[in-house]
Every structure is written in C-alpha cells, then in structure tokens.
Amino acid sequence: MDLKELMREYYDRKCNNLVTENKLPVNVKPGVDWEITSSPNRLIKKFKFKKRKHLLIFLQDVLTYENERQHHAEITIRYKTVTIKVWTHSLNDITEVDTEYARDINEVYKDNNASFNE
C-alpha cells in the first residue's frame, strides 16, 4: 500500500464529511466548519465578511502565512466571500499539513477583526 492509499484510509476512518472542532482545535460556529469534499479529497471553507477591508486584510495575512509555510491553497474571491480549498499537491490528497493549515487560517480569520457572526 502506498502513502496516498494509507492517508486516504486514515482520513476515511477519522473524518466523516466535516472536520469538526474536535479535529481542528479552534472555536468554530456550527455549520461553518471546514468540509471535506471527495473525488478528489479537499478541505474547503467559505469565509464571509461584512466589509471588504476585512476581506483584504484577511487575504494579505493568508498569503503571508502561505509564503512562510510554503503551503498554498486555491483561493476564490466572490464579492465579500473568500473560499479556500486546500490539499497536499504532491499527494493530491488531504494530509495533516492541510488540517494544520485549516486550523491556522481559522485563527487568522478570528484575528482579523472579523467574527463568525459577521
């Protein structure tokens, strides 16, 4: 069994369809957790903002974080919503690096003067 199959088996056992607060140790609002899409496996989350200035600061911080960690996600911007989709490109699957990314980006969101109630 190769590494990709081992990781897929691990995540099939550990994850239902949501990466919940227990799996990402940050405070999250129910219904806004990171989701796992399959075929191919990806972590995905939408971040919503009332003000574009918060969105812009958030994006700048996310890009800085990505450059420091050398781990980059697919980022889509639609008006005042940012959608982030992350996976380990070399394996074309989700790894622990991606769950750490998700946890850290939730913290970036909280630190940017934005709130889950925004």
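**Loops, helix packing and polar contacts in a predicted chain**

Tyr79 lies in the loop between β4 and β5 (81–86). Strands here are DSSP runs of E with at least two residues, helices are runs of H or I with at least four, and both are numbered from the N terminus. The model is predicted: local features need pLDDT of at least 70, side-chain atom pairs count only at pLDDT 80 or more, and totals for chains, interfaces and linings use all residues. Residues are numbered from 1 along each chain as its sequence is written, and side-chain values use heavy atoms, with hydrogens and water left out.

Tyr79 is not a glycine, yet its phi is positive, at about 55 degrees. Its relative accessibility is 61%, so Tyr79 counts as exposed. The classes are buried (under 20% relative accessible area), exposed (over 50%) and partly exposed (in between), computed with a 1.4 Å probe on protein chains only.

Most residues other than glycine have a negative phi, and most peptide bonds are trans. The peptide bond from Ser39 to Pro40 is cis, with omega near 5 degrees. Pro40 belongs to the loop between β2 (34–37) and β3 (42–48). Ser39 has a relative accessible area of 74% and is therefore exposed.

Asn41 is found in the loop between β2 and β3 as well. Its relative accessible area is 11%, so Asn41 is buried. The side chain of Asn41 makes a polar contact of 3.0 Å with the side chain of Asp93. A polar contact is a pair of N or O atoms within 3.5 Å; within protein, one must be able to donate a hydrogen and the other to accept it, and residues adjacent in sequence count only if both atoms are side-chain atoms. Asn41 and Val86 are 45 residues apart in sequence, with C-alpha atoms 9.2 Å apart in space.

At the level of the whole chain, 3 helices and 5 strands are assigned. Their order along the sequence is α-β-β-β-α-β-β-α. The protein chain has 118 residues, of which 39% count as buried. Contacts (heavy atoms within 4.5 Å) were also counted by sequence separation. Among those with a separation of 6 or more, 62% join residues 24 or more positions apart.

Confidence is given as pLDDT, the predictor's value for each residue, from 0 to 100. The mean pLDDT of the protein chain is 79, and 68% of its residues reach 70 or more. Where pLDDT is low, the predicted coordinates should not be read in detail.

Helix packing was examined next. The axes of helix α2 (residues 52–69) and helix α3 (residues 96–111) come within 10 Å and cross at roughly 145 degrees. Axes are lines fitted to C-alpha atoms, for helices over the stretch in contact, and angles run from 0 to 180 degrees between N-to-C directions. Helix α2 contributes Phe58, Asp61, Val62, Tyr65, Glu66 and Arg69 to the contact, and α3 contributes Glu100, Tyr101, Asp104, Ile105, Val108 and Tyr109. By class, the contact has 7 nonpolar, no polar and 5 charged residues. Nonpolar covers Ala, Val, Leu, Ile, Met, Phe, Trp, Tyr, Cys and Pro; charged covers Asp, Glu, Lys and Arg; the others, Gly among them, are polar.

Asn106 is found in helix α3. Its relative accessible area is 0%, so Asn106 is buried. A polar contact of 3.0 Å joins the side chains of Asn106 and Trp34.

Lys53 lies in helix α2. Its relative accessible area is 51%, so Lys53 is exposed. Lys53 and Lys80 are 27 residues apart in sequence, and their C-alpha atoms are 9.5 Å apart in space.

His72 is found in the loop between α2 and β4. Its relative accessibility is 31%, so His72 counts as partly exposed. Leaving aside residues up to four places away in sequence, His72 touches Glu66, Asn67 and His89. With Asn67, the contact is polar and runs side chain to side chain, at 3.3 Å. The C-alpha atoms of His72 and Ile84, 12 residues apart along the chain, are separated by 9.9 Å.
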